[in-house]
Every structure is written in C-alpha cells, then in structure tokens.
Protein chains: 2
Amino acid sequence: MNKKRKRSVSSVPIPSFTDIQHAYQKISPHIHHTPVLSSQKVNDRAGGAIFFKCENFQKAGAFKYRGATHAVTELCSSGTPQGVATHSSGNHAQAVALAASVRNIPAHIVMPGNAPRVKVNAVREYGADITFCEATQDAREKTLEEVIQQTGALFIHPYDNPHIITGQGTAALELLQEQPDLDMMLVPIGGGGLISGCAIATSALSPGTKMIGVEPKVANDACLSFNTGTLHPVQSTDTVADGLRTSLSELTFSCIQQHVNEILTVNEQEIINAMRFIWERMKIIIEPSSAVPVAAAFNRIDTEQKKVGIIISGGNMDLDHLPWNDNTNGTG
Amino acid sequence: MNKKRKRSVSSVPIPSFTDIQHAYQKISPHIHHTPVLSSQKVNDRAGGAIFFKCENFQKAGAFKYRGATHAVTELCSSGTPQGVATHSSGNHAQAVALAASVRNIPAHIVMPGNAPRVKVNAVREYGADITFCEATQDAREKTLEEVIQQTGALFIHPYDNPHIITGQGTAALELLQEQPDLDMMLVPIGGGGLISGCAIATSALSPGTKMIGVEPKVANDACLSFNTGTLHPVQSTDTVADGLRTSLSELTFSCIQQHVNEILTVNEQEIINAMRFIWERMKIIIEPSSAVPVAAAFNRIDTEQKKVGIIISGGNMDLDHLPWNDNTNGTG
C-alpha cells in the first residue's frame, strides 16, 4: 500500500524510523510495556479482531510519558538542565512533571486557573512547581515565557518536537511487535505527536498496515488540513475529547502528509457511546480522546474480518464529571 | 499458622481441596484465566506488595462465572437438564444466564422489579428468560418456586451449593499458582461462597497464608457469626457494596469457621474511597464489593513489607450511579 508522499512544509526534518528505534532503546527501561488487550464483546460488535494498545496503563496515565521521558533524557545528554517547563492542563503536564521528578530536575508547569482539580493535584503530586494563568493561549504562552526567563528552564513542547514524536512512536512499535500483521491502525489526532510517531514506525515495520487518524468532527482541523494540503488551525474546542483540542504544527502536519493514509471524524455522541461501551464491557477506564478511534471502528470503517490495532491514548478522567452523567442529568 | 478448627454445623459436608482441583479441570477450558495485577501507587500507599486477582475481567464480569460454570457442568453430567433457574439481581444471575447459554440450556432468572436496568439488560443479552417479582426475599423465593414448577428447571443457589463453592475456589488456586508465598489473602464476604472456596484452596496450597474475610460494617453478619460461633443473619442491607448484602448459609459458615483466620469490617466511606483510588490510579473498573478488601488493606491491616493477595470480585457497575456522585451532588 502506498502512503501519500507530499513535500514537507516543516523546516525541521521529519524523524526517521531509526530515530524511533534509538528513542526506544533510551526510554525502554523507564516506561511501562503496556499490555495489548482484546475483548470478545468488542470483536462481536466490530465484526473484526481489535487489538487495544493500552497506554491508559502507562505511567502518569497516558502515552505522553513516552515522549516526555525521551525529551527529558535528550535534554540531559549534555548535562543536567536547570529545569524543564511546559504549559498544559492535561496529560503532557503530568508526563513532564513525572519524567523530570524521576531525574530530580525541577519541572515548571503553567496551567490555566480553570484546570480540573484532579489534574492540578496529579501534577503537584509529582512535585512540579505550578504557575496558574488565565485560560487563553496567549496568557499561557506569555506566562510560560516569564517562567522560563525567571528559572532558566528548558521548554518541552507537547508535540512540535522531534524527540516527543519519536518517543510517542514507540507505542506503535510495541503494538506491532506483539501484533505484526495488522490490516489497519487507528490513532487519535490532537496536535499530531502520537500519530506522527506511530505512522513513521508503522510505515517502516508494516508498510501494508493502513494508518488512519481519527478526530472529533467539531475539531476537524487535521482532516481539513490533510484533505486540502494546507495547514488549518483548529476552530472549535467544544469536544468532550479534551486531549484533541489542539492544532497540528508544521512538523506533525508534514509527518501526517507523508505517512498517514486517511483521516476520519466521529461525532460527540459516538465518542461518548464508544467510551461507555469500553468501560462497561472491558472494565477498563479510557478517557474520551481514547474513545475517538474506537468510535471510528464501531461507526465509520468496515472492520469485518479485519485485524485492527487501536492506540488507547490514556485513562486520566475527572470521575466527578463523566460525559454520560453530564448529558443526562445536567450536573456537570 | 493454625486455622480455627470448629465443628461443622452444616449437614452438607465441606468440600475438599481435591474437589476444587476437579472443578478446575472441568471449568478451566471455559473461563478466563484472569490477570494478577499490581500497581506502584497502590503499593506506595499500602507499604507492602499487593497482588490483585482481577475477576472483574472474568466472563460476565465477576468470579461468579466460575461457580456457575461448574454447577451447570455438574448438572449436565447425568444428561442435559430442561433448564436452570435462580433468583438474583446481581452477578450470579448474569453468570448463570451465560453459563447456561454456552450449553444451550434455557435459563430462568427471577429478578426484583427494581433491579438496575443495566443488569436486566445483561441477563437478557445472554438469552435468559426473566420473571420479575416484588423486591422482597419472600416474593423472590415464591416466584422462583412457581417458575421451577412450570419449567422443570433446576435451581442453582448462589452460594449454598458445594459445586458453586469449589468453582469459586479456583480463583484463589490461580492466584496462588502465580504468587505462591502470600503472607495474607483478603476476600470479600457476602453469602460466603467465594471465601469458602478460596479458604479451602489456600489452606491446602499455602497453609502459611493468613485468610482474612472483609465485609461492610453495616452488614457485619459474617463477622458477628464468626466471633460468636453462632450463625447470625444479616440485619441491614444498607451498604454500597451491593454484592455483600446476603447472609451466610450453614455450609459457608462451616467452611469459614474451619478455614478462615479473621474477619474484618470497613465503613462505607472507606469502601468508596478505596474504589475511587483503584479507578483513578489503576484505570480499572471494580465494583464496590471488590473495594471492600482493598479498604481493609488501606485502613485496617498492617501491610508494611507484607505480600498481600486480594480477590477483586467483579466489575459490574451501573455507570449512571457512581457512589461518589450519589454522595456529592445528590443526583443518584
């Protein structure tokens, strides 16, 4: 199967599969080798064989720990940095906080004042220093700049960073080691770091595997960018899949153009239904962003008789605000 | 370590470890060999090494499928029965429905009219015939008797049945195969079928392992019976641990007297906190009854430097009514 081969728009070169192999050597002793699970009930519903790479069981609860560990390791390769910093209200914040704490490096995390208490607590538990700011992109970036000036910390971008991308790609590498002959692999798209790394690894290890990105219909910037060949920023962030509200960067867009076959979208109700199905039938906790590719397998793709890999990106949830409760009784 | 050796009050002989081994040979091809999981965050909190035998991943979502499969298999050993029947609003109903369906035997389940929709749907999905009745013990038993008279089905009691007890005991057998030198094993107690089988297996396989039963403080009939030597029926069923609202039978009480070392109780808030901790940190769904022994490990026992096994009994939850939501915003 031929992947699309468009010219890169990024000034940073696209990482290679060799880069992912090197990343894996470095982070392998520090990450969880997460299980690949399957479920008869899921297979009955999908009509095919679905293999879930369960990054919800990863340290800090999401695949983000792979990239963060790699980025911190690389920063340490030329001496211990004074600190690392990022802005995030989500899984990247927790991952950077934990990866830094393991190496006794100070972590400075800028978080919006309205970030969920559960995520603030998790970052704090990992010993990071938190600076709160207003909940706008501008305020986040400005505050981060101030923190960096004050502390001398080095910025770790959540996805526009080759070391992050190659770290995330090790999730697909492990999945293909365990299930090498997948017909397709489904991966959620937010900023595109996960799918970029996974697509590079899959192109090299299993070129016959169709690489499909999935995103919420209401935040379909990647789909639009992919189909038009022009990078579109995300217009709406009104999706339950809180990890997928970000725009692609030039680097991740280039990776996607070169190594991804198709991008699909799913609607909000499909995401919520898929998430609940997995909770009820598989008894594992996945966050809404992880349910996005599951929803595609259930509603958008012919998986009959197919062998399908899905990256379950994470399991960090505010258990006080489950989407079905928020929908049905308005207490969210 | 010496187990208590009191005289049995039951007219039915206590099953032996050989009976459990025979049960295991029969059911092994039909059940899931559930994983034994551990978590650094749990171990940090407990100060010891906790090993969870995850029967929430068992078929039909609970350990009950072990006993039900064994009981149905035994009933079939002298010809295919016309049907099987039970009354239950919980995991035993689902387990019997599925075990019968696998053998194409009709299952007749009597359920109270107020049983949660999610459990009624699960029983129906397994193809069982449901008869609704009033939500009293009398109505259940009377309706079951009528169903049995009409259909000729054979009754499978949820715990007062040696084949059920030996089936449930295979959970401890598998746990000890994987983790043979446990200092203690914690098991929830409702009707006592699970702990009876587990205690018999553990006495034989690992006599140095202390067998501890745990139940909700507000439904402490087993603790009271154990400490006084006289069978006390449960007085209150007002516990979040919906699987543990039943009384011991003479048979399970005898097993417990002979093979269990200690029975502890935990309060409702401890159960809810332990359940939430496991959901948030381990990303697996356990039902309140499963959180009862976890709560004991966190609050009632010195687990420092100890190797502790816990049977996670099941993961069947009504996701519309989580105990922390019911508590905090009154929407339950």
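Two strands are said to pair if DSSP finds at least two bridges between them, the strands (E, at least two residues) and helices (H or I, at least four) being DSSP runs numbered from the N terminus. This is a predicted model, in which local features need pLDDT of at least 70 and side-chain atom pairs count only at pLDDT 80 or more, while totals for chains, interfaces and linings use all residues. Residues are numbered from 1 along each chain as its sequence is written, and chains are lettered from A and ligands numbered from 1 in the order in which they are written.

In chain B, strand β4 (residues 107–112) runs parallel to β5(B), to which 5 bridges join it, and within that pairing B:P112 has B:C133 of β5(B) as its bridge partner. Both strands belong to an open, parallel sheet of 4 strands with the order β5-β4-β3-β6, whose edge strands, β5 (129–133) and β6 (154–155), each pair on one side only. Helix α4 (residues 91–102) of chain B lies across β3 (84–87) and β4, at about 165 degrees to β4(B); such angles run from 0 to 180 degrees between N-to-C directions, with axes fitted to C-alpha atoms, for helices over the stretch in contact.

Elsewhere in chain B, β2 (residues 49–54) pairs with β1 (residues 36–37) in the antiparallel sense over 2 bridges, and with β10 (residues 307–312) in the parallel sense over 6 bridges.

Turning to the two chains, 18 residues of chain A are in contact with 18 residues of chain B, contact meaning that C-beta atoms, placed from the backbone, lie within 7 Å. On the side of chain A that touches chain B, α13(A) gives the most, with 4 residues.
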